[in-house]
Protein chains: 4
Amino acid sequence: MLILMHPQATLRQTGEILTLAETLNLRPYLSRAQGRRVIALTIEDEPLTARLKGMSGVEEVRPLGSGIKLTSRQFRSSNSVVVVGGDHRTRRVSIGSQSMVVIAGPCAVEDRGSLLAAAHAVRDAGADMLRGGAFKPRTSPYQFQGLGVKGLELLAEARQATGLPFVTEVLSVDDLPAVAEYADMLQVGARNMQNFALLRAVGESGRPVLLKRGMMSTVDEMLMSAEYILATGNESVVLCERGIRTFENSTRNTLDIAAVPVVQRRSHLPIIVDPSHAAGQRDLVEPLALAAVAVGAHGLLIEAHPDPDSALTDAAQTVSTALIADMVRHIRTVHRSLSPLEADPHTDCNGFVAPNIGSRSLDFGCNGKDSDR
Amino acid sequence: MLILMHPQATLRQTGEILTLAETLNLRPYLSRAQGRRVIALTIEDEPLTARLKGMSGVEEVRPLGSGIKLTSRQFRSSNSVVVVGGDHRTRRVSIGSQSMVVIAGPCAVEDRGSLLAAAHAVRDAGADMLRGGAFKPRTSPYQFQGLGVKGLELLAEARQATGLPFVTEVLSVDDLPAVAEYADMLQVGARNMQNFALLRAVGESGRPVLLKRGMMSTVDEMLMSAEYILATGNESVVLCERGIRTFENSTRNTLDIAAVPVVQRRSHLPIIVDPSHAAGQRDLVEPLALAAVAVGAHGLLIEAHPDPDSALTDAAQTVSTALIADMVRHIRTVHRSLSPLEADPHTDCNGFVAPNIGSRSLDFGCNGKDSDR
Amino acid sequence: MLILMHPQATLRQTGEILTLAETLNLRPYLSRAQGRRVIALTIEDEPLTARLKGMSGVEEVRPLGSGIKLTSRQFRSSNSVVVVGGDHRTRRVSIGSQSMVVIAGPCAVEDRGSLLAAAHAVRDAGADMLRGGAFKPRTSPYQFQGLGVKGLELLAEARQATGLPFVTEVLSVDDLPAVAEYADMLQVGARNMQNFALLRAVGESGRPVLLKRGMMSTVDEMLMSAEYILATGNESVVLCERGIRTFENSTRNTLDIAAVPVVQRRSHLPIIVDPSHAAGQRDLVEPLALAAVAVGAHGLLIEAHPDPDSALTDAAQTVSTALIADMVRHIRTVHRSLSPLEADPHTDCNGFVAPNIGSRSLDFGCNGKDSDR
Amino acid sequence: MLILMHPQATLRQTGEILTLAETLNLRPYLSRAQGRRVIALTIEDEPLTARLKGMSGVEEVRPLGSGIKLTSRQFRSSNSVVVVGGDHRTRRVSIGSQSMVVIAGPCAVEDRGSLLAAAHAVRDAGADMLRGGAFKPRTSPYQFQGLGVKGLELLAEARQATGLPFVTEVLSVDDLPAVAEYADMLQVGARNMQNFALLRAVGESGRPVLLKRGMMSTVDEMLMSAEYILATGNESVVLCERGIRTFENSTRNTLDIAAVPVVQRRSHLPIIVDPSHAAGQRDLVEPLALAAVAVGAHGLLIEAHPDPDSALTDAAQTVSTALIADMVRHIRTVHRSLSPLEADPHTDCNGFVAPNIGSRSLDFGCNGKDSDR
């Protein structure tokens, strides 16, 4: 349920609602919409609704429906911005703001030399973050499964060398502690989008999460999977459209470009696009990347390798790092052409800072990162 | 088969090949690629291949494979440009050139007033052509089936009033004479993409054709349907991606944005995008239109109506003509940002002009419209 | 709208409703459900509804909704039986009754010898009807397009020789007179399922129609296409499930076996299954045919050829006529095992015979073929 | 690679190959095909191939290709039979033999009373095994997630009361020890079909596994997921077709009935069908179940509940246990009609018993359950 406070409700009145919720062992989510404070509880309960309606400062109590709650635009009207990196080692990257975030790197980490070469090339090309797989999900048990922890160490070395934060996939709850120790952002892959145990675990890790759409999943199912993570109290979730499975076989998957604006109407979470997995072939990556920029995506995830033909995985769709600089330049050109078009009505943030009553969810308003925007 | 002449082959040598082909009752298609003349015949035949290899001026004879022939990039390396209108009544519109062609108008012609209002609004907004349905394909026999010939008359009046050429759908071979008498361009709809009798008939009409992709047809099947039209000798075919049927139900169809560059790699024909039918909802039309521009489409087909909520068909996805001006401005802004990016390697035309030996296909080289480019 | 008469309404009262409808230039459809006469009109109109409610003998007037009308189970509760053949030349085949109708033959008619061999083989194997294509829809304009009228003549000769009625595809309105002159049943192919001009034309021909589901069409769209035919007054329509297009590529199409009971719940029309096009490979035809029998289909359409490997079209999925006898035997064995399971609640026919007031729709009750059941 | 021994090869010669493989730290899989012993190794290696070819008793060494190995029909030509239960507590159920195995029960375990009622009803109806979910995968984090270990205890009590072994889903590696302690068979659900960590873990548990096809996974991907389990040395895998995701929305999923014979041609593993999840509605469960029997499935998985309308999950598709007896009777009737049709060419087992050299894979020939067949 969504508890809308009066515009003139006092902090004390809001605090009483929060205290009641915590007494009942419910986690209250505090946000702001249309000039008033909003408290969300992820249950629907008639007696509680009646009781809340009687409390002072409460204007209205609305059901949140059977669908998404914390992930919904109804719950938060402004865009969420997810911050990755920004500690002493790496630059700070904000996904969901007006900037276009480019994440690039090899499909899998293969060896020290090629990873460092790729990392330097993508940084010099103007990319914001590095990607690379240490644990690889493979259809066949006999295929290369990634370097594991050794791959994580190499990614950390590449970060050290370039200052780029990195995202890497976590395949199972068992691998999570190792991956979370190294990575700046945890990727949940398409095949694990409905691995609910993993969703809960990455949520509880508190790290930023990149959640890729399952190739067999609807937009609404992706949002529901994000809800699993948000329900743990971890709001740093970035969604990723990467193509769905259809009858068309000219491309590896069919990029559902409309998913970007559809998600942006239903949810406040940022969404980026992976043109590489959608295309499945190198020469389609740039046109799909430009389409993603034009449709309004907050970022791009691109597979790049110093010598793509020798890549152990996804060679066909991996672009040469030699071409990445031109591609990033084109991406930024199209992105700049869009900015004056129209102010996005959803990017304002009311900068609500909640009273300190000990709940980490109280500074949920703008992800506690107001100064960013 | 594809007959590649020597770069130094004479016109007389080429003419002898053409004459032989016509003697055998075959229609020769003359084109130019990599600095030499190329003659295509739409059959594969071993004895003929051997005979041709022995003729003077012939460098190589290659099979065209089991797929598309006249439609293929292999047959013609430069982009085709399809010209619509340009007579005393209308402006001349070139689809397939560097410009971005915007075609807009109501789904169905409903009455004189709303059609004229729409036509003026889309012209004032900067659109290049008018669209509107007189014969409507409807899932149910009890739904509004269009105004028929009366609708064609109203479209002609709107053309007269605005100078915009118009495209309208032809549903059956029986309706073709009436539609071809009025329309500047004939649309073959998604449901008729494999109505082979209709494809042949619109081909033989000699009018420019807008061929929409079937909602569950592959790119290759669309190209094969275009081949039916080209095989009649009518080369003025524009393809249209309008969304395919998938499991995702957030949108009416899933816009297969990658189909645009895929088609451009396989074929020399222009391809435009219909974001309205793909989206199925009004507020997604603009982001999808911008994505289509960025991916490299040659044009857009947009449903617009002065009062969309009262439209008899497709109301949900029809934008208000009041908003069209802004949309066209945004489209042109993104299009301009792309032009300096990179010269399209496929748009050169070698301006081949064949000797006049009486075959209409001799000026096929650049659609006989070299001066356009 | 659906006009339900009182159980005790007289023939005169019913006749007055019919007369009124015809006066208004509406075609009344007379049926019977739950022990009373039912008259359907394919319009919804409030003043008329009010007037009808006031007429004697009328118990209730119900809207038929925005979906199918004449095709709906709501309109007729008993199963329709479509009769093919039965004149002096051929045996009489009833599709939709308790028997399992097997239709078999080559994909395309290729030559006299192989067609006659196939026809004799399928008759001797116990099949009920012959199939064979004279006009072939082909993805490419360069593929074999069928023998045309010559093929129809050969089919007629095969009918003469075996006594089996035959079904063959009609591709366009122009070909219809020729096809209707020869064929016992007209097939509308998957690619033409929404060729509305063709649907109307085959409807008006008055011949029995086999309507195949488009590979991109929902069950509801197939029923709507059937409605186009029924709305012309031609009730002899048999539906055919032949596989839909999905991401799975182990088979040519994915047989939507559930479409059979879904159609039977929504419509009174018979439905048969084409396992050959669904499978796309020979050795899957029999298991899919047996599944179709078990799920409750009224018949099967099977591609068979004396020498399948030499067939010009669909060779991979065509079974040898040498194996057809075994297959038909297995089909009949499974079909017999089902018959005692449960009486189909929908196959009763109340044998309503309407008064003769000159309307052809008056004997619509059981297709005028009561004695058959 | 596949090492085919001479028909006259001695046990000693075979033993030398096995010993060599183990020396190289490879797990050898021993089988029998076409009257000779076959040893499979899941690597391809040229020097080793050369070495093996030179060893006495070896007739041929073939590559196993890039696809499935242990799961392939090429690796084992006879059908695998998976045995569930059979200890002092439960009846012994053989899946993959000539009998038709019916597994029925509620979607989720809800409470002791309804579970025990369901268990008795399905046993009395003639079902062979009980199903019921203790850990439930739910799209939303706010839906009922199952009773967990309490549900397992209730399932064990129902087993005790009825003698029926039970299958239940395991959602994550963390839950596996608890589930494996109670369950007779572990189900890997559709959403986890490519959760490779879970596949490996259930494989290593050594328990029989029911692997459900992902709703948008191909048959080949399902077989590859089975390969993950077999590669751990656990050969007791049963596959389950449960419908795939398509554009058709009349049913919850589209039952890919052809997947059954396709799997049977490619693999020796048993395959059953879940008509409940495919249909999504109660009245379609029986026709789909009968189709599955006729197409050749080895068993059925059916959701049944004493009071389906009150079921907490999947109510729409759950049949009443009151109707299960009739359904099982119809299933057995159709199954019996099929048995005399034709002997399945794949069900012979040559009863190979390998010498005891300490490798568990030596008795792999017929799953060590020769007497069963």
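This is a short walk through how the chains of this structure meet and how the copies relate.

Okay, some housekeeping. We're looking at a predicted model, where local features need pLDDT of at least 70, side-chain atom pairs count only at pLDDT 80 or more, and totals for chains, interfaces and linings use all residues. Residues are numbered from 1 along each chain as its sequence is written, while chains are lettered from A and ligands numbered from 1 in the order in which they are written.

Let's start with chains A and B. Chain B puts 34 residues into the contact and chain A puts in 33; two residues count as touching if their C-beta atoms, placed from the backbone, lie within 7 Å. On chain B's side, the elements giving two or more residues are α8 (259–266), α9 (275–279), α10 (285–295) and α11 (321–338). Helices here are DSSP runs of H or I, at least four residues, numbered from the N terminus. The largest share, 7 residues, comes from α10(B).

So how do the two copies relate? Turn chain B by 180 degrees, shift by 0.0 Å along the axis, and chain B lies on chain A with an RMSD of 0.1 Å. B:Ala291 is the residue of chain B closest to the axis, its C-alpha at 2.1 Å. And 97% of chain B's contact residues recur in chain A, the same surface serving both.

Methods
Least-squares fit on C-alpha atoms with pLDDT ≥ 70 in both.
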